[in-house]
Amino acid sequence: MSKRKISVIAMISIVLNIALIWFGFSFYQENKTIKKGIITQYSTQQEEALFELERALENQDDKEEFVKALTSAYGIIYHNEVLTRTYTPIGENVEIPENINIINSPYTSKAIGNALFERTMDRMDNDDMQKLEEYTSYVDDVVKTLDYRNTIEEKSLSQQYKVLNEVSNLIEGFDLED
């Protein structure tokens, strides 16, 4: 082979290797960014859900505000539950810790649905309110552990996973059964 052919083949090989490395690194960065985005979304939505639950508790006497706040909280919690399901493509790729989704499951968050239904029907009693307050305290504990501003925002992916594992262990200790 001539010297010219060898140098052309070498240049093509170098260009292809650089392109493959660049595409591989881009894919890795995109995957990492998506994971961080899902964790950020989960964290901020838990804060939003807590805000709406606290707003509902503050407006117990105002039926309209109470119902609006609980409806909003229920929607946020449902969205977070779907976001963190482990058997969806997102859940499989983001590797959500096992217990994260328990707090947002329809069964554990039924205190919201029950309170919403009973208040709408004007049949709210102390037991429903107590269950709603208890559930709100669990969400408050999760939000305090997540501490988005200090432990999630602009932190490394490994740090974010460490915090999610702490939250998973916290949720495991909750008495979420009736």
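At what angle do helix α5 (residues 126–146) and helix α7 (residues 157–172) pack, and how far apart are their axes? In this predicted model, the angle between α5 and α7 is about 155°, and their axes are 9 Å apart. Since angles over 145 degrees count as roughly antiparallel, α5 is therefore roughly antiparallel to α7. The crossing of these two helices, α5 and α7, is right-handed. On the α5 side, the contact is formed by Asp141, Val142, Thr145 and Leu146. Helix α7 contributes Val163, Leu164, Glu166, Val167, Leu170 and Ile171. Sorted by class, the contact of α5 with α7 comprises seven nonpolar residues, one polar residue and two charged residues.

Helix α5 also packs against helix α1 (residues 3–58). The axes of α1 and α5 come within 9 Å and cross at roughly 145°, and this crossing is left-handed. From α1, the residues in contact are Tyr42, Ser43, Gln46, Glu47, Leu50, Leu53, Glu54 and Leu57. Their counterparts in α5 are Met129, Leu132, Glu133, Tyr135, Thr136, Val139, Asp140, Val142, Val143 and Leu146. The contact of α1 with α5 divides into 11 nonpolar, three polar and four charged residues. Val142 and Leu146 of α5 take part in the contact with α1 and also in the contact with α7.

Backbone geometry was examined next. Most residues other than glycine have a negative phi. Asp122, which is not a glycine, has a positive phi of about 55°. Asp122 is located in the loop between α4 (110–120) and α5. With a relative accessibility of 53%, Asp122 counts as exposed, because the cut-off for exposed residues is over 50%. A positive phi is also found at Glu154, likewise a residue other than glycine, where the value is near 60°. Glu154 lies in the loop between α6 (148–152) and α7. The relative accessible area of Glu154 is 77%, and this residue is therefore exposed.

The chain has a mean pLDDT of 88, with 98% of its residues at 70 or more. Within the chain, confidence is highest in helix α2 (residues 63–83), with a mean of 93. Helix α3 (residues 89–94) has the lowest confidence, with a mean of 78. Where pLDDT is low, the predicted coordinates should not be read in detail.

Definitions and conventions: Residues numbered from 1 in each chain as written. Predicted model: local features only at pLDDT ≥ 70, side-chain atom pairs only at ≥ 80, totals over all residues. Heavy atoms only, no water. Axes fitted to C-alpha atoms, helices over the stretch in contact; angles between N-to-C directions. Helix = DSSP H or I, 4+ residues; strand = E, 2+ residues; numbered from the N terminus. Parallel < 35°, antiparallel > 145°, perpendicular 65-115°, else oblique. Left-handed = near helix turned anticlockwise from the far one by under 90°. Contact = heavy atoms within 4.5 Å. Nonpolar A, V, L, I, M, F, W, Y, C, P; charged D, E, K, R; others polar. pLDDT = per-residue confidence, 0-100. Buried < 20%, exposed > 50% of the residue type's maximum accessible area, 1.4 Å probe, protein only.
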